[in-house]
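Welcome! Have a look at the fold below, and then let us walk through its parts together.

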Amino acid sequence: MAQPITNKQKTIKPKTIKELQAKKLNGEKFSMLTAYDATQAMLCEKAGVDIILVGDSLGMVIQGHNTTVPVSLDDMIYHGKAVAKGATNTIKMLDMPFMSFAYKEQALESAKRLMQEGQAEIIKIEVSTQKHIEFIEDLSNNGVPVCGHLGLTPQTIHKLGSYGKRGKDETEAQQIINNAQQLEQAGADMILLECVPAELAKQVTEAVSVPVVGIGAGRDVDAQVLVIYDILGMSGYIPSFAKDFLSETGSIEGAIRKFGLLTIC
Ligand code: KIV
């Protein structure tokens, strides 16, 4: 019979974004994993994951869409609430879904809902134009912790045409480095780099003092993030930068722990 998801670690001090920023300054790494429901969140917390990303990847791995474009703000809030029930001490980052930040006021309103209803402690925005950096500055000035997502931005897939690596030529690579520095100046608390060459990720990580989290971006970043279904071998295929830790360890908790341990080494 199903049992209520209880969090046995209620007395433990909740993790903070400031602590993760301090880790970067001390040369320590941290871990981030996606989770979309209370049980996954509870297991992530038990395994010591530092940040849970309630990513709009839920549109693909849970809702079965081909892209993240159909995901709504209400979907994000629904999953954010569930995750918050399972993990009270782990930092929760929620994605701003497609078209929920098309203009400044909308970005503020969406952030308000993600934090007040979806229980986000930091929100993530895919930065595909310069105006997104201005929105992030405005959000930061209003007390909203933000992670700027650079490199491959899946919400613009219909413009990009493929999920291939970004920043392969010198112009695009320099643009990504510039954007990372602009994001830091705008008040972003973290940067996520998706699918860029390892050397570029290393340069970006060295160019900013806020933590840089990578996915498909090599080892020389401050943290790794993966989609939980990929490390459990449930996605139908395993991206080259992920690994099925479930078949290696024999349990979901073991798989999350193994991911976390590898990530901080
Ligand atoms: O939505 C998501 O899960 C993400 C990760 C792939 C980084 O943005």
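A residue counts as buried under 20% relative accessible area, as exposed over 50%, and as partly exposed in between, using a 1.4 Å probe and protein chains only. This is a predicted model, in which local features need pLDDT of at least 70 and side-chain atom pairs count only at pLDDT 80 or more, while totals for chains, interfaces and linings use all residues. Residues are numbered from 1 along each chain as its sequence is written, and side-chain values use heavy atoms, with hydrogens and water left out.

Cys195 has a positive phi of about 50 degrees although it is not a glycine. Cys195 sits in the loop between β6 (190-194) and α9 (198-207). Is Cys195 buried or exposed? Cys195 counts as buried because its relative accessible area is 10%.

Met99 is not a glycine either, yet its phi is positive at about 65 degrees. You can find Met99 in the loop between β3 and α5 (104-116). With a relative accessibility of 51%, Met99 is exposed.

**The barrel**

Helices (H or I, at least four residues) and strands (E, at least two) are DSSP runs, numbered from the N terminus. Two strands pair if DSSP finds at least two bridges between them. Here, eight strands form a closed barrel in the order β1-β2-β3-β4-β5-β6-β7-β8, with parallel pairing. On average, neighbouring strands of this sheet are turned by 25 degrees against each other, direction ignored. The angle is taken between axes, which are lines fitted to C-alpha atoms (for helices, over the stretch in contact); angles run from 0 to 180 degrees between N-to-C directions.

Strand β2 (residues 51-54) runs parallel to strand β3 (residues 91-95), and four bridges join them. Ile51 has Ile91 in β3 as its bridge partner. Further along, β6 and β7 also pair in the parallel sense over four bridges, and Glu194 stands opposite Ile215 in β7.

In a regular strand the side chains alternate between the two faces of the sheet. Strand β7 (residues 212-215) is covered on both faces: Val212 and Gly214 on one side are buried, and so are Val213 and Ile215 on the other.

Gln224 belongs to strand β8 (residues 223-226). Gln224 is buried because its relative accessible area is 14%. Its side chain reaches the backbone oxygen of Gly218 at 2.9 Å.

**The nonpolar core**

A nonpolar core is a set of buried Ala, Val, Leu, Ile, Met, Phe, Trp, Tyr and Cys residues joined through side-chain atoms within 4.5 Å. The largest one has 80 residues, of which Leu33, Met96, Leu114, Ile123, Met190 and Ile256 touch the most other members. Helix α8 (residues 170-186) gives the most to this core, with six residues. In soluble globular proteins, nonpolar side chains tend to be buried together.

Contact means heavy atoms within 4.5 Å. Beyond its neighbours within four places in sequence, Met190 is in contact with residues including Ile17, Leu20, Ile51, Met93 and Val213.

**Around the ligand**

The table gives the distance from an oxygen atom of the ligand to an N or O atom in each side chain.

| Side chain | Distance to a ligand oxygen atom |
|---|---|
| Asp56 | 3.0 Å |
| Ser57 | 2.5 Å |
| Lys124 | 2.9 Å |

How values were computed: A polar contact is a pair of N or O atoms within 3.5 Å; within protein, one must be able to donate a hydrogen and the other to accept it, and residues adjacent in sequence count only if both atoms are side-chain atoms.
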